[in-house]
Amino acid sequence: MRAFQGSDAAREQYPAFVRDSAPSARRPTVAPSTLAGWDARLRAVADGLRDSFGQVPDHPCDLEPEILGVLARPGYVIERLTFQSRPGVRVTANLYRPEQVDGRAAGVLCVHGHWKWARIDPVVQTRCIGLARLGYVCLCVDAFGAGERAVAPGPGTYHGGMLGASLWSADVPLIGLQVYDNRRAVDYLISRPEVDPTQLAITGASGGGNQSLYAGATDDRFKAVVPVCGVGTYEAYLQAACCVCEVNPGGLSYGLTGDLLAMIAPRALLVISASHDARQFSVEEAAKSLAYARSRFNLLNADDHVRHLPIESGHDYNKQMREAMYGWLDRWLRGRGDGSPVPEPEIHPEDPADLRCYPFAASRPASVVTIPVFAHRESLARLAALPPAPDHRQAWEAEAIRIKAMLRDHVLGGLPVVRPPLPIAVWDAKEDLLTIETTTEAGLTLTGLFFTPKPCATSRGTAIVIQDSDLEPASARERCKPWTDAGYAACCVELRATGKRKPNTPAVAGAADHNEAEWAVWLGRPLLGQWVWDVLQWMEVVSSLVKNPPKNLGPTGAGAPLVLDATGPIGVVPILAGAFDARVQTVCVDHGLVSYAPPDASFWTEIPMGLIAPKLLRYGDIGTFGALLAPRRLVVIGGVETTGGTASEERLKAAFAFTKSVYGLFSAGDSLELATSRAASRLLPRAGSGG
């Protein structure tokens, strides 16, 4: 069993489980056959998108545009400008316009992908200049957290990894921020006197192609949409790494890429794909989504409004792609030609430094908000919106029911309603332990190592010790020894996609579990929820073994209290699991994460990305979830911040102040303990103690 645990087959279990969890893997996806059917489906998809995109302002704020400088070039002009997309948040941008505009010109929003210089990269500049020289007004904006909106603006800025994921728990995911910023960018574009508000298009490549897809689906002011190297299938993301900005939280639970394409109908859609692109943007995957969406275009008598153009190329927005885009926009925005490519005029990109809104990072106003600052601000806003601690027990008991229901259904992605199959338990005489294998969900096998207590007059209970690193007999025995020495049976258990069951995926931007965390969020079942599921299933397995122990096992303390114990940031998992199962009498968290709201605007690092769940702070923080255990025992030994640093004693007290107030309602103050170390805590009986 342990040999299998570290094998390639064990590491492939989780990726296979993820792929098999996609709705399309369980049943074929068939496009609606009527417009009424399409309307009903797309209404549901639109509702899902609004929920996925997270918190947005109730009303659009004043744009407060500011033009910072102008570059005059032969035949066209480039403006350096900013505008406000939401209160206190400014977008850095460039506007490219013809030198002379007779009447009003068609407008194009150009969104960049992950090019080195973001909006001012020469690859991005080229199409903007080309559009201006062909008579269009083109606005190009920096995406949230990229380019001049990055923590350290300059070449190679990146807003993904833990940086982007830090926004999930505050319910402001990057994808939602981009969609809203792009909507406000359109508001600015149509405010320009030289722009015809009825003749608008959007285009971008890579992550910009992804932005074009979502903007086109959700903003019907765009008459033409041209995503480049950014369309495939949602399912393909489950076999790849992508930037956090492309992750649509829960998207696979309610929709398909083809639905987004269908939402654009009957407006004009040109999808450009590269023959040598990554799988998630490949010609083949894009063709699947287009085949699905064409049904709606055809039903709307707009079959000629959609085109798929594969081009022999790598991931790019090259001249052939640009010329195809020019021709498509000419046809649908200006009534010129049949959509065939239009030759590109001569183009000379600028030195990126000359297009900056702010030549030096130090000169940026605070309203050019970075992701850590925004994540901190929004996290505090979510917590401030929560109700205060109740003043009597009955009020909390009602509130606790509500919180658990919301966590279960809207954060954790559901929890088990069936018991796991009978485990396989084998006595290992050499190691003097019981090896347990169980299946917590179809295709996912996990291992536990069970140790019997030292003989004592009365068995004190059973401790489940949660491990998120390699599970080995020696280290597991050491983790369980304090419990077995104190008279407890103890089982050290592993969680899916961790330790020797972690898939062979590389770290991305410092996040070791980046891909696994993203895949889970795509499914609407974040790893945090899946790990809670695993612990709940382990409780069933261990409880059944304690009640009916194998003959080699000896005394196990059937019916004695159940304890959950974890060390490190993963400690939030047993707190949540204990909240959902009343059999747990004690939860011990040793240096666990103390809060999803960081104490300042610092980078998140050194914690598993899988612990971050979208929308979590809508319903509480770790102190709130700890209160769900009241009046049962909760022992918190130190703590860590989202930065990976050690939480101060003052910070620990503040993080669990809500917990303390709830325990007070039950007159159970002694059941909550904040300690500096295990040795200093009352977690285990002292030597010679009878209690």
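The questions below cover the sheet, the cysteines and the cavities.

This is a predicted model, in which local features need pLDDT of at least 70, side-chain atom pairs count only at pLDDT 80 or more, and totals for chains, interfaces and linings use all residues. Residues are numbered from 1 along each chain as its sequence is written, and side-chain values use heavy atoms, with hydrogens and water left out.

Q: What makes strand 15 and strand 16 a pair?
A: Pairing requires that DSSP finds at least two bridges between two strands. Six bridges join strand 15 (residues 562-567) to strand 16 (residues 584-590). The two strands therefore pair, and they run parallel. One of the contributing residues is D565, whose bridge partner in strand 16 is C588. Strands here are DSSP runs of E, at least two residues long, and helices are runs of H or I, at least four, numbered from the N terminus.

Q: Why do strand 10 and strand 18 count as edges?
A: The nine strands form an open sheet in the order 10-11-12-14-13-15-16-17-18, with mixed pairing. Strand 10 (424-428) and strand 18 (672-675) each have a single partner strand, so one side of each is left without a neighbour in the sheet. The twist averages 20° from one strand to the next.

Q: How do you know that the structure holds zero disulfides?
A: A disulfide is a pair of cysteine sulfur atoms within 2.5 Å. The closest cysteine sulfur to that of C140 is in C128, 4.0 Å away, so it is too far for a bond. For C357, the nearest cysteine sulfur is that of C140, at 11 Å, and C357 is in no disulfide. The count for the structure is zero.

Q: Why is C140 called buried?
A: Buried means under 20% relative accessible area, exposed over 50%, and partly exposed in between (1.4 Å probe, protein chains only). C140 has 1% relative accessibility, so it counts as buried. C357, at 4%, is also buried.

Q: What makes a space a cavity?
A: On a 1 Å grid over the protein atoms alone, it is a set of points where a 1.4 Å probe fits but cannot get out. Grid points are joined across faces, edges and corners, and a volume is the space filled by probe spheres set on the points. Five cavities reach 30 Å³ or more.

Q: Which helix gives the largest share of the lining of the largest cavity?
A: Helix 8, with three residues. Lining residues have an atom within 4 Å of a point; among them are N210, L213 and Y214.

Notes: Axes are lines fitted to C-alpha atoms, for helices over the stretch in contact, and angles run from 0 to 180 degrees between N-to-C directions. On a 1 Å grid over the protein atoms alone, a cavity is a set of points where a 1.4 Å probe fits but cannot get out, and a pocket is an open set with protein on both sides within 12 Å along at least five of seven lines; lining residues have an atom within 4 Å of a point.
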